[in-house]
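Have the 3D view open as you read.

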Amino acid sequence: MTTVVPSTQRNEFFQQLKRLCVPLSQLALRPKDKPVDAREVLELLDSLIRLWTAQANEDGSILDDTIADYVFFPLSHLLRDRDRYPVRVIEVIICLLRELIQHGWKAKASPQLFQQLLVFLSFTIGGAPGRPNRPDLPEEVMIEGFRTLTALIRIARPSHLAASIIPALGHSITVMLDGITESVVPSIQVEAVHCLEAVFTTVRDNTVLAQFLPGTVSALTKVLSPPLARQTQRRVLLGCLGALRLALINVLGDLKVRGILKSLENSSGSKEKHASEPVDSEAPGELTSAWLKATAGQVKIALSAVLKLRAHESEDIQSALHRLCICLLDECHASLADCQPILVESAMMLEDGDVTSSRLQTSLQDLADVYPEVRENVRTGLHNWITSLPRVMQSNDERVRQLAIRSILRGSKLAAALHMDQSNLDYALGTSLRDSIITLIKASKPPKISDELIGVDMSTGSSLAKPEIELATYNPVLLDSEGHKTTRNEVKTLISSIGSSVQQVELASLMLGHIRDSEGVDRIASFWLAFELLKSSYAQSSDLNDLLDLSSLGESKSQDQAFQELYDFSASVLTAHADSMENDWQLEAIALEVTAFAASRLKLDFRPELIDVLYPVTTFLGSQVPQLRRHAITTLNILAASCGYESVSELIVDNADYMVNSISLQLDTSDISPTSTKVLAMVIRLTGPKLIPYLDDTIASIFSALDAYHGYPAFVESLFSVLSEVVAQGVKSDMLLLEDGKSIPVDHRKKKPESKGIPGILQTLEKHLDRTKRSKEDEVNLTTTAHLSHPKKPWGLDKDKAQEKSEAAALLDTLQNPPADPNEPSPDEQPNQIEKPRPPTPTYHLLTRILSHTQHHLTSPTPTLRKSLLDMVAAVSPALAPDEDAFLPLVHAVWPVVLARLRDPEPYVSAAACRALAGLCAAAGDFLGARFKTEWWAGSGSGDGAGGGGMRGWVKRVKREAEAAVGKRKRGPGGMGKGMGAVGSSVSGVGGGSTEEILIPVRSRVGVGGGAGGDGNEGVMVIRSSSPSASRSTEGPAALGRFAQASQVWEAVLGLLTAVVAHVRVDDDMFDDILGLVVDVLPRHEELKEALETVNGDAVWLAMYERGLIEVEGREVPVVEGLGFQFVRMDGMGTIKVGA
């Protein structure tokens, strides 16, 4: 039964083939004069392929060479006349041939058939030899052709590879190599590579393979070497590397040429005998030692080109190249001995220590343990890389730099794994690294400053007052561009891998010697390298090693000594910056990092060092270099965290005395910089009012510097910035005026008189009658009684009659029995004595000195300084107001210079002067009444003058400029009374309303210009005031409007007038004049309106009513005997009309 069933299946399969092969044979044998049906042929071929493939997948045991020969019969006739059929038919036939080879003939194909198929496929793909033009075939046909050729070569046996077939095989290999090098389709190249691998895998005759080796290596080298390698796909390169490895190992492997190698070992030293031995001992056609030497030399040249792929980006390519090097070092160790240096170097460069390799795979370390020459090549290659590193760093290719550093790193790890003595290598590596870093620094370009925040504004201390610690990571100092990121990381990794901790400390000590003897870039490179080496040495140390290894005690001591020397140099660099000496910013940035590293190691024990380093570090916050500013922020954060502070603000506040002392010393020696003043201002801002009392010596030094260098505006401005901060913090003190007491706030604001109604009026009249009665009684008593002496004590409050009688009796007793010492007050008089005020606090004294000093610099040519001083006057005035005896003389002193700043050419200074005067008004009150009155009418000539050089004329000029700025159309005056006749148009629009009619009884119809006198004729004057909305319709557009400088000054003037009216006593004429100037802006300035109403509310209401700014409902024409009334109207042009 076991033979029946396969036989039955075979017969059934044969019958199925017969139904397809017979009609296919009939079509193939059709005479040439008859047309062929290509479609029918293609359908039969497709059906035949499907039938064969299905049977091969189901049960391939019934397929043999006889069935394959049966199927091949019609195919051979089709191939004989292949020019009559389209290319698609040829493609399907080739595909069917591959199926017949793999599942039918297998190894039983006859040599004749093998040769025929080999020639057919080679000619089909590459054309006949000697013809320049290759057949133009679709890529699908070529792919199927190479696949079928691969299948054919894999079934070859020694009987198939007779000497007669070698030329055909050579042509086939040429076709394969052409497909690899000349084709542009990666799929064709991959199939050609597979076909070539099949040749070197199947053919066992080393002599035959040796004939094809030169052309194969040459073609594969062409693909694997630049520039073609950059244009070739990764899968093609991988295939070519595998094919090259198979070709070299199968031809030049030590086992393949062991006879030649043995003959070379046994040969004599003479050149003649060495040259004649192969001729005598080896038959013609055999491989000789001369061939081996020549081939090895050519292979070395080829490998030197192929191994350039080690710089390829793909990890697969690097892995395949690494495998090629290891296999050649292992399999061709003796035959390719001349290639060992480049193979060892490439294997070291491609050795990936992070990837765990299988124990069954040979590694470079295994070969170095076996072969001493490989071990020596490792040492030589590593030394060459180290010495050539500075030269490689000059390259513009970043990948070349990274590959060089990575190669040294991997070589160092391999040398450590092989337990080599690296003392000389480490010393050479330290020197080479230093030179390389110098090269990189010189070649690097300064980075572009990005828009991100990389500094801190010391004008506000908020960024340093955060409770959390931020920015604890430094930006790179060297190689800080993004393109150098990988190179920088590779260099740091290489530094950390240098030898042991002891060797790193020794190299760091060597670099410290270079620091002392070098300058510029050399010093920077040595400084940075020494710091990185010491950091790496500390990272390698552990408490467990120190506990178990007693030799580490000496190592730790030398380590600490080296770091202490490095820290001392860093502190000197920081101090040099504080002393205004110019240093390279990179050197200073590294010094900041060293300081932070020392703090992170010492923790709380680093606090005493803050005396020397905190102030210099803080000065970097004002550096002109953004990188230094960011480094300073990071350093302060690390110092605060390491020393146990919650924030940088707490760090600075707790050590403010150190910083103030450092700055005071610089002030005393006239060695001050703008950064120092910024730091002092920041310290004052962060510490607040509690530091102010201890700044008396510092403030005195600042005053001395101001007196000595008042001709340097920038320097004076920086010093006054400190004084401004003193004022800003001093006014916040809760013990400003009295020691151990509270200062009483001063309020000079005018208050409206409270109306008590009819009862109040009656009470006032009663008091007046009582005073009149008492006066008459006193006059009578004076005429009837003797002359009495004057009182000896102040009059007290009102007392009842019994108390008055008792006090009178006591007074009489005192007069009759005077005390022994008339200068000694009586016991009753002691409580009524006025106590002397307590002395002011140091803070108050400092503020008074600062305010007094501002008057000398308000004429400075720097506008910003003038504005800063005026703002200082406005800020300090309310704080000094409680002590009038000390404050009012200061107001008298600064009044002239502050008043002169109203006419400053810079608008913002003029506005600041307005604010300063407003602050003085609020603090001094009526003390400035006479001064404002004098200045207001100065140069006016009369009370109703319209100009002049006083404040009145200046205010009018400012108002006109503001009107011009917002594009207002001027309206004519509407004289309504004294002080109200000349009012300009509004600077800003007023809320909506309708036309107002004002009814004024007159005795004459002469008009407004005729005055009030006349002939007694009755009449009315009608004034029409256009609505605010209508006035706004006449406004023209302006470029800046209320944002113009003139408008800003006018707003400041309104604030000044508000303060004057609210806090200073003004006479009626001045009040009316101010009201006439500002009446049109009162609807939108409630504070000014309220201040004016406090003085005279009726006048404000009347002025606003006359201009239509308020409405009165229910207007009726009054009826008076002998008088007639009409509404007075004023049109938009200011013309007064009488009547409706």
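In this predicted model, helix α2 (residues 38-58) packs with helix α3 (residues 65-80) at an angle of about 160°, and their axes are 13 Å apart. An angle over 145 degrees counts as roughly antiparallel, so that is what α2 is to α3. Their crossing is left-handed. On the α2 side, the contact is made by Val41, Leu45, Leu48 and Trp52. From α3 come Ile67, Ala68, Val71, Leu75 and Leu78. Sort the residues of this contact by type and you get nine nonpolar, no polar and no charged.

α18 passes α19 in a left-handed crossing. Val378, Leu382, Trp385, Ile386, Leu389 and Val392 are what α18 brings to the meeting. The α19 residues they meet include Arg401, Ser407, Gly411 and Ser412, along with Val400, Ala404 and Ile405. The tally for the contact of α18 with α19 is 12 nonpolar, three polar and one charged.

Here are the two pairs next to each other.

| Helix pair | Angle | Axes apart |
|---|---|---|
| α2 and α3 | about 160° | 13 Å |

Now zoom out to the chain. It holds 45 helices and four strands, and 47% of its 1140 residues are buried. Take the contacts between residues at least 6 apart in sequence: 75% of them join residues at least 24 apart.

Which residues have the most contacts inside the largest nonpolar core? They are Leu75 and Phe887, in a core of 315 residues. Helix α39 (residues 907-924) gives the most to this core, with 12 residues. Leu75 is also one of the α3 residues in the contact with α2. As for Phe887, leaving aside neighbours within four places in sequence, the residues in contact with it are Tyr844, Leu851, Ser877, Leu880, Ala881, Leu920, Ala923 and Ala924.

His853 sits in helix α36 (residues 842-854), and at 12% relative accessibility it counts as buried. Not counting residues up to four places away in sequence, His853 touches Phe703, Leu706, Asp707 and Phe720. The C-alpha atoms of His853 and Leu869 are separated by 9.7 Å, with the two residues 16 apart along the chain. Ala571 is in helix α25 (residues 552-578). Since the cut-off for buried is under 20%, Ala571 makes it at 18% relative accessibility. Its C-alpha atom and that of Val594, 23 residues along the chain, are 9.0 Å apart.

Most residues other than glycine have a negative phi, and most peptide bonds are trans. His419 has a positive phi of about 60° although it is not a glycine. This histidine lies in the loop between α19 and α20 (423-443) and, at 70% relative accessibility, counts as exposed. Lys603 also has a positive phi, near 60°, and is found in the loop between α26 (585-602) and α27 (610-619). At 46% relative accessibility, Lys603 counts as partly exposed. And where is the cis peptide bond? It runs from Pro226 to Pro227, with omega near 5°, and Pro227 is in the loop between α9 (206-224) and α10 (228-231).

Notes:
Residues numbered from 1 in each chain as written. Predicted model: local features only at pLDDT ≥ 70, side-chain atom pairs only at ≥ 80, totals over all residues. Heavy atoms only, no water. Axes fitted to C-alpha atoms, helices over the stretch in contact; angles between N-to-C directions. Helix = DSSP H or I, 4+ residues; strand = E, 2+ residues; numbered from the N terminus. Parallel < 35°, antiparallel > 145°, perpendicular 65-115°, else oblique. Left-handed = near helix turned anticlockwise from the far one by under 90°. Contact = heavy atoms within 4.5 Å. Nonpolar A, V, L, I, M, F, W, Y, C, P; charged D, E, K, R; others polar. Core = buried A, V, L, I, M, F, W, Y, C linked by side-chain atoms within 4.5 Å. Buried < 20%, exposed > 50% of the residue type's maximum accessible area, 1.4 Å probe, protein only.
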